[in-house]
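Welcome to this guided tour! Open your viewer, keep the selection tool handy, and follow along one stop at a time.

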Amino acid sequence: MCFAHAVASSGVTRRSVLAAGLALPVLSAGTAVAAEKPPFVIAGVRIFDGKRVVPCGHVVVAGGRIVAVHHGGRVPGGFEVQDFSGCTLLPGMIDGHVHHTAPARTDAPRFGVTTELDMVSDPAWHGPYREQRVSYAPTALSDLWTAGWWATVPGGWGTDSGLPIPVFKPGDDAAAFVAARRVEGSDHLKLALEDRNLANGTPIPVLSAAQTRALVAAAARSGMPAVAHATRQELARVALEAGVNGLVHLFTDADVAPDVIRTALRANAFVTPTLTLWSAFDSAENPASAAVVRDPRVAPLLSAKQRGFLETPWGFARPGVLAQALRNVLALHRAGVPITTGTDAGIPGVAHGVSLLVELELLVRAGLSPVAALRAATSTPASLWGLADRGRIRSGLRADLVLVEGDPTSDISAMRGITRVWRNGSLVNRVP
Ligand SMILES: [Zn+2]
């Protein structure tokens with residue numbers, strides 16, 4: 001269809017593409033740069049560029065990067081042409097709330113999630129994630145930004161996990177706590193604002209408002225974003241008033257209050273609602289997740305690890321939390337608070353990669369348009385987290401790309417039909 005629309009091309013030549021490939025940034029010592037694959041064109045596709053939809057276009061990839069984007073017109077000559085008429089091309093997606101479980105981060109890219117933002121994990125597990133995320137070499141792994149250990153108090157949320165989590169005690173120096181996380185490799189600071197055990201409801205100690213303010217201010221002084229776990233509105237309010245960059249869960253104990261919306265807007269704070277998590281809490285059957293993972297386009301691609309997470313029950317149900325979360329997402333979205341996708345992958349009921357497809361469907365069920373949901377997985381988090389090389393389909397950016405059969409910009413469930421994923425311009429093997 002698109003090829004028939006040939007008009008004058010934009011003048012991109014093989015020479016200009018090769019020159020762009022040669023202009024790859026110089027990377028840190030020890031980082032392999034590979035541009036083995038010859039330049040190629042993904043042709044005849046609907047493009048969701050991270051913000052808007054281009055009905056038909058062609059994307060030229062070389063040296064791990066997008067080097068040209070044509071909105072219609074003739075397919076540029078001189079390259080290997082891969083014609084995907086009838087499909088939609090999207091930027092690689094960003095899961096804004098995962099827990100890193102191993103350096104072999106292959107499950108996420110197989111489902112189009114090329115960047116993962118970890119929200120608590122043991123820094124000893126991470127591997128060479130910093131080198132990888134600036135490299136354009138072919139890789140099967142997601143890129144990682146990590147919180148490392150989070151900020152919690154003695155006896156607070158997470159301290160019963162058996163992991164060697166450092167704690168923030170009364171009188172401790174917030175700057176020293178943040179500096180220690182930075183030495184461990186943390187990219188951002190995560191604060192645990194949870195005053196009850198989520199599994200059994202018993203009260204637990206939590207950071208005070210003063211401690212929260214001190215930690216958020218210390219993070220800001222050191223140039224680290226600060227984000228908060230809060231599942232009750234009262235504690236979300238504490239976090240927002242302290243100036244966090246975002247909430248990485250959405251509270252489900254009440255309708256979102258006008259003052260909370262005002263504070264979020266004033267602080268330009270974002271919300272990562274983790275509807276997928278609330279869906280897992282809501283019922284053991286978890287129909288939203290089950291519909292995706294049992295889809296014949298999805299089920300054969302699940303790894304044993306993904307199945308393990310998805311099939312592990314919480315052992316309780318909280319009917320109503322998902323409905324409350326859906327209402328709150330819509331209120332925040334309508335008010336203009338940025339929404340970003342996150343799943344909480346790495347905990348029971350949620351799996352890396354595939355669960356982001358569930359999150360997208362739940363955002364649309366909440367009332368976001370499919371395009372708004374896709375922005376929440378691409379350009380919005382890229383912009384808010386300062387990830388300038390990704391989240392859009394634009395010349396010069398990293399060639400993390402997702403090809404989908406059909407049109408997810410009008411029917412979000414089409415995301416179940418991902419057919420190809422490129423990481424740094426190289427095809428990802430989707431077979432687990
Ligand atoms: Zn989490």
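We start with a definition: rings of Phe, Tyr and Trp (its six-membered ring) pair if their centres lie within 6.5 Å, and planes under 30 degrees apart count as stacked, over 60 as edge-to-face and the rest as tilted. What you see is a predicted model, in which local features need pLDDT of at least 70 and side-chain atom pairs count only at pLDDT 80 or more, while totals for chains, interfaces and linings use all residues. Residues are numbered from 1 along each chain as its sequence is written, and side-chain values use heavy atoms, with hydrogens and water left out.

**Stop 1: colour by confidence**

Colour the chain by pLDDT, the predictor's confidence in each residue, from 0 to 100. The chain averages 91, and 92% of the residues score at least 70. Now select residues 1-35, where the pLDDT is below 50. Beyond near neighbours in sequence, this stretch has 51 contacts in the model, a contact being heavy atoms within 4.5 Å. Where pLDDT is low, the predicted coordinates should not be read in detail.

**Stop 2: aromatic rings**

How many aromatic pairs does the rule give? The count comes to eight. Select F84 and W422, which form an edge-to-face pair with 6.1 Å centre to centre and 65° between the planes. The pair links distant parts of the chain: F84 sits in the loop between β4 (80-83) and β5 (87-91), and W422 in strand β14 (residues 418-423), 338 residues apart. Helices (H or I, at least four residues) and strands (E, at least two) are DSSP runs, numbered from the N terminus.

F84 counts as buried because its relative accessibility is 12%, and W422 counts as buried because its value is 0%.

Next, select W278 and F281, an edge-to-face pair with 5.5 Å centre to centre and 90° between the planes. Both residues lie in helix α8 (residues 275-282), three residues apart, about one turn of the helix. An α-helix has 3.6 residues a turn, so residues three or four places apart point the same way. W278 is buried at 2% relative accessibility, and F281 is buried with a relative accessible area of 2%.

**Stop 3: a helix and its neighbours**

Select helix α6 (residues 233-242), whose buried residues are Q233, L235, A236, A239, L240 and A242. What do they pack against? The buried residues of α6 pack against β9 (189-193), α5 (209-221), β10 (226-230), β11 (246-247) and α7.

**Stop 4: enclosed spaces**

Time to look for holes. On a 1 Å grid over the protein atoms alone, a cavity is a set of points where a 1.4 Å probe fits but cannot get out, and a pocket is an open set with protein on both sides within 12 Å along at least five of seven lines; lining residues have an atom within 4 Å of a point. Grid points are joined across faces, edges and corners, and a volume is the space filled by probe spheres set on the points.

The structure holds two cavities of 30 Å³ or more. The largest has a volume of about 80 Å³, and its lining includes H100, R105, D107 and K305. For the residue classes, Ala, Val, Leu, Ile, Met, Phe, Trp, Tyr, Cys and Pro count as nonpolar, Asp, Glu, Lys and Arg as charged, and the others, Gly among them, as polar. The lining of the largest cavity divides into three nonpolar, four polar and four charged residues.

About 40 Å³ of space lies in the second largest cavity. Among the residues that line it are L240, F251, F270 and L332. Its lining holds 10 nonpolar, no polar and no charged residues.

**Stop 5: open pockets**

Select H99, V120, W150, W157 and I347, which lie nearest the centre of the largest pocket among its 27 lining residues. This pocket has a volume of about 570 Å³.

Finish at the second largest pocket, with a volume of about 400 Å³. Of its 20 lining residues, A284, E285, N286, L310 and E311 lie nearest its centre.

Technical notes: Buried means under 20% relative accessible area, exposed over 50%, partly exposed in between (1.4 Å probe, protein chains only).
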